[in-house]
Amino acid sequence: MSISTYWRAVWQRRFFRWIDKRAPRARQISLNRKNLYIFPNRTGFLYLAMTVVIWLLGTNYQNNLILALAYLMISLFVVAIHHTFANLSGISVRFISATPAFAGEPASFVLEFETRHKRGSENVEICWQGGERHTFALNPAEPQRVNLRAPSKVRGYLHPGRLLIQSRFPLGIIRCWSWLNLEAVALIYPQPIAIDEPHHQASSGREEGGSSTRGGDDFSGLREYQAGDPIKHIAWKQYAQNKGLFTKEYEAYFSADKWLDWHSLNQLQELRLSGLCYWALHYERQQIPYGLSLPGLTLEPALGEYHLQTVLKALAQFNLTREAGYVD
Amino acid sequence: MWTKRLAQPHSQRTEYLARDKLAWLLVMQTLLILPLLINLPAWLWLVWAIAGFWRTQVFRGRWGAPGGTVKTLLTLVCAGGLIASYAGKTGTDTMVGLLVCAFVLKLLEVNSARDAQLLIFIGFVITACQLLFNQSPLAAFYSLGCLLVLLASWRSLYLTTAQSNGLRLRAGGRLLLHALPVMLVLFVVIPRLGPLWAIPNQQAAKTGFSDSLSPGDLGQLALNRAPAFRVEFTNKDEPPPANQLYWRGLVLDNFDGRTWRQRDSWGLPPAAENNQRVLESLDYSIIMEPHGQPWLFSLMTPQRTSAVSNRRPIRITRDHLLYNPVPVAQRLRYEVSSALQLEPVAKVSLSTGERAAHTRLPANANPQTRALAEQWRGEGLADQAIIERALSLFNREFTYSLQPPVLGQHSVDEFLFSTKKGFCEHFASSFSVLLRAAGVPVRVVVGYQGGRWNPLENYLLVSQSDAHAWTEVWIEGEGWRTIDPTAAVAPNRIEQGLDDALSADDQNLMSNNWSGSSLLYNLQLRWDAANFVWQRWVLNYDSDAQEGLLTRLLGGTEVWRITLWLVGLGLAAAALAAWALLRSHARPALRAEIRAIQSLERKLAQLGYVRGMGETPGDFIARVIRSEPRWQASLSIIARLFEQIAYRQQTQQLAQLQEKVRRFPF
């Protein structure tokens, strides 16, 4: 890390501490002179240098009109400050919702913007700290929803950090910006990682092989009786009709009803969760009912989007030790 | 830089310019350089045409962007052209040429917003260059228009949504309008400095006469209506009579038989020769158009002079002429106090050397004239009598004309004895030769005579067509006296100006005739008055004028006073801005469905139903329906639509709601 980056980081930390004190976290924030910062950018300084050149030209040639042009440019600079500020001032930002994501993938946050500026707001740029940029324009009295993605690293709750909202409109020589501490949060599922398939360790008190009454065990067909088939499954009806001895076969008889069992795995916690996540997705795709067994939580085997979300949510929230995902 | 750009993946943040933004840049550039191209070499037109055409083709999607070879080639052509056109010169023209080159070539290269931003910045400098060459009100107006387009296209660079051209122009105009007040305050208040370093002399077009006078020189100028200078009389509201308005520029006292020149270039200032008392003086200030010459104009015997905004003072020469150390390349304002009448002093006399110099004639030129002069001398006439005889000769036999016959070797002989038709320089020249031959010291003076009084702004406009030549004759015991032989031929020329002195034939020669129609004359008078005000208050607003204005406006020019005023102005502006801000915030933007329901409420209120405090629109409408069942159909639809829009975001039904509300109650 070079010295300048170091000082930059130090300065930024101090700056953020300062603005955190000024602007507490909220679900909805309005931009006004209390939280908007404004300063000329590099183009702005180039513009001022240009103004000086033109002023020199006017002074040296004793040309009042060129001097007037230089003064007009200074005046434009001042006007640009007002216009740039007015462009952002009066915008209110509201956090609507967030869509969950798998760790390592960007999570999408839905934000609603509305402006009180009677001409609307042009060229508004937003991004989460370190995230991708999104530029849009706001019409007056027309709330607009924006999907803004933030990168995620680990499972748990993702606080995307501060939202940078900035604009250089109309002349690009002044930058007006704000760092907003939005109360936004997204749930991050564990990253799916392929590991060995978990096996359900038959817990005490359960019937061997699983009961046929359990969910998902639909009757699927008949096959010839083999020695050792449970008597319960013999197709007595067919036998009574003298068709021979058949065994009723059920879909979930042996292999169905997969269990995502925490205890069947022996990896580290996060890897285990990632593995369970992988298999949950796998079973859902294969349409094999699956249950989840975590210490202190058991979800009966089932299928469907809602079930999957429940499972993934449980995995994401399991044993969160820290104020997860919140990176300062 | 190129390699770096290539090495980076395409996804780097190069924001490519949209076509509409490019179109604006194209229009902006064309507007900006048009007035400059007139002053620039022809090959630049060509480069501009190529670049503009190529850009247009790229814009229309016909051609690709020019490759490296083409760009290098164009750059080389421009470099070569610049060297060829401005070899060795490092003046303003070179700078402007270089700038326009860069401006034009950059357009070919503009791809990203950053390039466009640079183009905009160059645009400001180009606008400054426009004002370098032309500072008339029209030119300033044009530049303001350029700035408007510049601002509109600048703002367009940062637009994220499409906007109509009119809207962009209006937004640019708003920026300009907001900037003007601060600009005016800065213009009035910020102190003017002199030039910070010497700048290469601007190649001013040399208009007016040169430092020599041959037959036919001034006749050319008579057709030129351009203003030479404007005069304000500070201790008078009326101009002095026309026969006093001899604006002296140069004294020509060396005759070679055909051409009059200055004997030595500029004499020393008068060595406190005689402290004559001034009986009557005239104070005036002159705004001189740049003529690229060092001489200035004044009435007879200037006593004091000062040029504002000029660090090197104007000198008064031995011949009572004004001499500016540098050629007048910019419009110059100076003040003069002239003695119209001096207390006569008895012992004024001319030294022998001076007398010889002022009676010298080339040996073999104009024998007939010399013979005539010697004949007069032989009759024993005194100086005064010779002068009168010569004048009466002119009066009797000569005519005033802008189209005199061409004169040959002995120009004065031919004029005096055969053609007898001429213009002021013919009269002045032949009169001087005649007098010199008779031994009377005389010299030719060139300058302007008369001028047109503008009653709108109380100033005198002296045009190039007022250029005039007359003589000054040494009168023993009195000094140099102005004698105008033209006045003997055409007194109208002196009293009323050139137009009245000319024959119908000559008047046809002058294309745009002032006296043609009074409406036109009045318009021109008005236009020139506007020009004068512009010059006085804008172009020549210098530190003196600044001090004067500030003293009048604020009561003084002390720093604390100006600061106080500025702070006051700033506070007023801030209050105004705050008021505007509060006003815009006082009415928060309402959702459209709420506006619709509010208009329904207003209608119902007129019909006698007022929504109570805390009553929801739904309850209110239900209450109205209960007492007015005939509105049931329309009101229940309105209530349903409103709820669907407000609470279920079914905004597509908005138009229906508005329609229903508008048509309520029927």
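Strands S15 and S16 (residues 290-294) of chain A pair in the parallel sense over four bridges. Helices (H or I, at least four residues) and strands (E, at least two) are DSSP runs, numbered from the N terminus. Two strands pair if DSSP finds at least two bridges between them. At one of these bridges, A:Lys258 has A:Tyr290 in S16(A) as its partner.

This is a predicted model, in which local features need pLDDT of at least 70 and side-chain atom pairs count only at pLDDT 80 or more, while totals for chains, interfaces and linings use all residues. Residues are numbered from 1 along each chain as its sequence is written, chains are lettered from A and ligands numbered from 1 in the order in which they are written, and side-chain values use heavy atoms, with hydrogens and water left out.

Back to the sheet. Three strands of chain A make it up, in the order S15-S16-S17; it is open and its pairing is mixed. S15 (258-261) and S17 (297-302) of chain A stand at the edges with a single partner strand each, so one side of each has no neighbour in the sheet. Neighbouring strands are turned by 15° against each other on average, direction ignored. Axes are lines fitted to C-alpha atoms, for helices over the stretch in contact, and angles run from 0 to 180 degrees between N-to-C directions.

Two helices pack on this sheet. Helix H5 (residues 269-286) of chain A touches S15 and S16 of chain A, and its direction makes about 165° with that of S15(A). Helix H6 (residues 305-317) of chain A touches S15, S16 and S17 of chain A, and its direction makes about 20° with that of S16(A). Contact means heavy atoms within 4.5 Å.

Chain A also holds an antiparallel sheet. Its four strands form an open sheet in the order S1-S3-S5-S8. The edge strands are S1 (28-30) and S8 (144-150) of chain A, each pairing on one side only. The twist averages 25° from one strand to the next. Seven bridges join S5 (residues 107-115) of chain A to S8(A). A:Phe113 has A:Gln144 in S8(A) as its bridge partner.

Next, the aromatic rings. A pair of aromatic rings is described by the distance of the centres and the angle of the planes. Rings of Phe, Tyr and Trp (its six-membered ring) pair if their centres lie within 6.5 Å; planes under 30 degrees apart count as stacked, over 60 as edge-to-face and the rest as tilted. The whole structure has 47 aromatic pairs over all chains. One of them joins B:Phe297 and B:Tyr448: the centres are 5.0 Å apart and the planes stand at 65°, so the pair is edge-to-face. This pair links distant parts of the chain, 151 residues apart. B:Phe297 is in the loop between strands S7 (295-296) and S8 (302-307) of chain B, and B:Tyr448 is in strand S14 (residues 442-449) of chain B. B:Phe297 is buried at 0% relative accessibility. B:Tyr448 is buried too, at 2%. Buried means under 20% relative accessible area, exposed over 50%, partly exposed in between (1.4 Å probe, protein chains only).

In chain A, one aromatic cluster consists of A:Trp11, A:Phe15, A:Phe16, A:Trp18, A:Tyr37, A:Trp177 and A:Trp179. The charged end of A:Arg162 sits over the ring of A:Phe16, 4.2 Å from its centre. A charge sits over a ring if NZ of Lys or CZ of Arg is within 6 Å of the ring centre and within 35 degrees of the ring normal. In chain B, B:Arg192 lies over the face of B:Phe187, at 4.6 Å from the ring centre.

Chain B has 25 helices and 18 strands. Of its 666 residues, 46% are buried. B:Thr127 lies in helix H6 (residues 113-133) of chain B and is buried, at a relative accessible area of 0%. Leaving out residues up to four places away in sequence, B:Thr127 touches A:Leu69, B:Leu32, B:Ser143 and B:Leu147.

Last, confidence. pLDDT is the predictor's confidence in each residue, from 0 to 100. Chain B has a mean pLDDT of 80, and 87% of its residues reach 70 or more. Within chain B, confidence is lowest in helix H1 (residues 2-7), at a mean of 38, and highest in helix H7 (residues 137-157), at 93. Over residues 1-13 of chain B the pLDDT is below 50. Where pLDDT is low, the predicted coordinates should not be read in detail. For the complex, the predictor gives an ipTM of 0.77 and a pTM of 0.71.
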